[in-house]
Amino acid sequence: MNSDINAARLIRFFPSRGIRLVRAQGQYVWDSEGKKYLDCHAGNGAAFLGHNNPVIVRRIVEQASRMMTCPPIFDSDILEECLTMLGKILPRRLMNVYFMNSGSEAVELALKLARKRTGRRKFASFTGSFHGRTMGALGMTHNMKYRSGYDPFPWEHVFLTFNDQSSLEKIDESFAAVIVEPVQGEGGLNIANKEFMKILAEKCSTTGAILILDEVQAGFGRTGRLWAYMDYEISPDILVAGKSIGGGFPVSFVAVKDEIASKVEEGEHGSTHGGNPLALAAMIGGVEVLISDDVPSRAREKGRSLAEGLAEIANTYPEVVRGVKGRGLMTGLDLRYSPSEMIRQLQSMGLLALKAGTTVLRLLPPYLITDEDIDWSIRIIDEVIKMYQEKIRKARGGEEIGRS
Ligand SMILES: Cc1ncc(COP(=O)(O)O)c(C=O)c1O
């Protein structure tokens, strides 16, 4: 990457994708060779409102020249304005917020609040879940690949089976909280069943366990609803948001009900950069865009077109594709094979995508994706899957390739 031997080296937890990005705008990015890509990776979904969204850029630039640092122990216009804007999109029951910088940190705070408020030590999360990589959030995350070497975690915890009502029986008065994603992202674009979520909410309510909805990936319009949980007849005690809320600027928050906020003690939590004025400005811009462009409707409409195209591909290539997964613009194909090779191939053809679970080819495009972009994506995904199918058929004479 850098030929200067005195330059610092990036720790590579993941290998480089092999292209150097130099510019981004809306739903597209460009590499150093001038090649344009449709960005359905969108920085792990953070650029859902489009790269360099002009409304958000203007807000950040204005704020940068005014005041870049101001912890929330001081009052400020930007803090007040941000709280007013969030009041437009937060559930009435969850009007108390605290700002962090990443999804994992916000999950940490949600867990801490639940632990202290209930005085209980036990947590539950679900199979297929992803809640982040800091130690508390990692303790809730199901994927063994991320956990191993760090476990056992120093708190009591059980994994319940996602979408299995009988597993909810295990929730009792010893639980501080249950954390759930209404649509699992990393775990494979799995949608929670309505009845399952209803029973989960009832169980939390009767046992006094705090229900934490992790909408770091699914929230802020991406699934076609402002908050994905609004597809269910439930009301969480804590909502966690991140990724797209700052239009690509690092920011996250927890929103909690009055009974939790009113018992917070002085000095119990804090963050040097949490609620940074630039992050608040980015969020103000984000909410402006969300409302003025009716982003949830756009995500619903474009998500439908994308899913229709993907369903045709699934029907055409059943040997490679199991089906379509996800909701809104959090969608993809469940493959019978690892998607890694296809993701590489799509990238070489100008489409950036990412993996979810072990077999899902995931697309997290910005809401600005057009019908032309969708038609083009479907055409090239079709081409790549067709090539893969031909390869499999050829390999059939010999050994089968990488089937999962
Ligand atoms: C549902 C969910 N929760 C938490 C996180 C962690 O967020 P971050 O990577 O910003 O720490 C993620 C990230 O992918 C996520 O999808």
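Let's begin with a question: in β15, which residue is the bridge partner of Leu38? The partner is Leu351. Before I go on, a word on the source. This is a predicted model: local features need pLDDT of at least 70, side-chain atom pairs count only at pLDDT 80 or more, and totals for chains, interfaces and linings use all residues. Residues are numbered from 1 along each chain as its sequence is written.

Helices (H or I, at least four residues) and strands (E, at least two) are DSSP runs, numbered from the N terminus. Two strands pair if DSSP finds at least two bridges between them.

Back to Leu38. β3 pairs with strand β15 (residues 351–352) in the parallel sense, over two bridges. β3 (residues 36–39) also joins strand β2 (residues 28–31), by three bridges, and these two run antiparallel. There, Leu38 in β3 stands opposite Tyr28. The hairpin of β2 and β3 has four residues between the strands. In that hairpin, Gly34 takes a positive phi near 90°.

Next, the open sheet. Four strands make it up, in the order β13-β14-β17-β16, with antiparallel pairing. Which strands are at the edges? They are β13 (321–327) and β16 (354–356), and each pairs on one side only. Neighbouring strands are turned by 30° against each other on average, direction ignored. For such angles, axes are lines fitted to C-alpha atoms, for helices over the stretch in contact, and angles run from 0 to 180 degrees between N-to-C directions.

Helix α10 (residues 295–316) packs on this sheet. α10 touches β13, β14 and β17, and its direction makes about 170° with that of β13. Contact here means that the C-beta atoms of two residues, placed from the backbone, lie within 7 Å. Inside the sheet, strand β14 (residues 330–335) joins strand β17 (residues 360–363) by four bridges.

Now zoom out. The domain assignment gives domain 1 (21–51 + 295–339 + 346–396) and domain 2 (54–292). Such bounds come from an automatic or database domain assignment. Taken over C-alpha atoms, the two centres are 27 Å apart. The contact takes 25 residues from domain 1 and 24 residues from domain 2. On the side of domain 1 that touches domain 2, α1 (42–45), α10, β13, β14 and β17 give two or more residues. α10 gives the most, with five residues.

On to one residue, Ile234. Where is it? Ile234 is in the loop between β10 (210–214) and β11 (238–241). Buried or exposed? Ile234 counts as buried, because it has 21 C-beta neighbours inside 10 Å. The rule is 20 or more other C-beta atoms within 10 Å for buried, 12 or fewer for exposed, and partly exposed in between, with C-beta atoms placed from the backbone. Not counting residues up to four places away in sequence, Ile234 touches Met197, Lys198, Ala201 and Tyr229. Ile234 and Ala201 are 33 residues apart in sequence, and 6.2 Å apart in space, C-alpha to C-alpha.

Last stop, the ligand. Of the 15 residues around the ligand, Gly103, Ser104, Gly132, Val216 and Gln217 come nearest. A residue is near a molecule if its C-beta atom, placed from the backbone, lies within 6 Å of it. Helix α4 (residues 103–118) gives the most to this shell, with three residues. Thank you.
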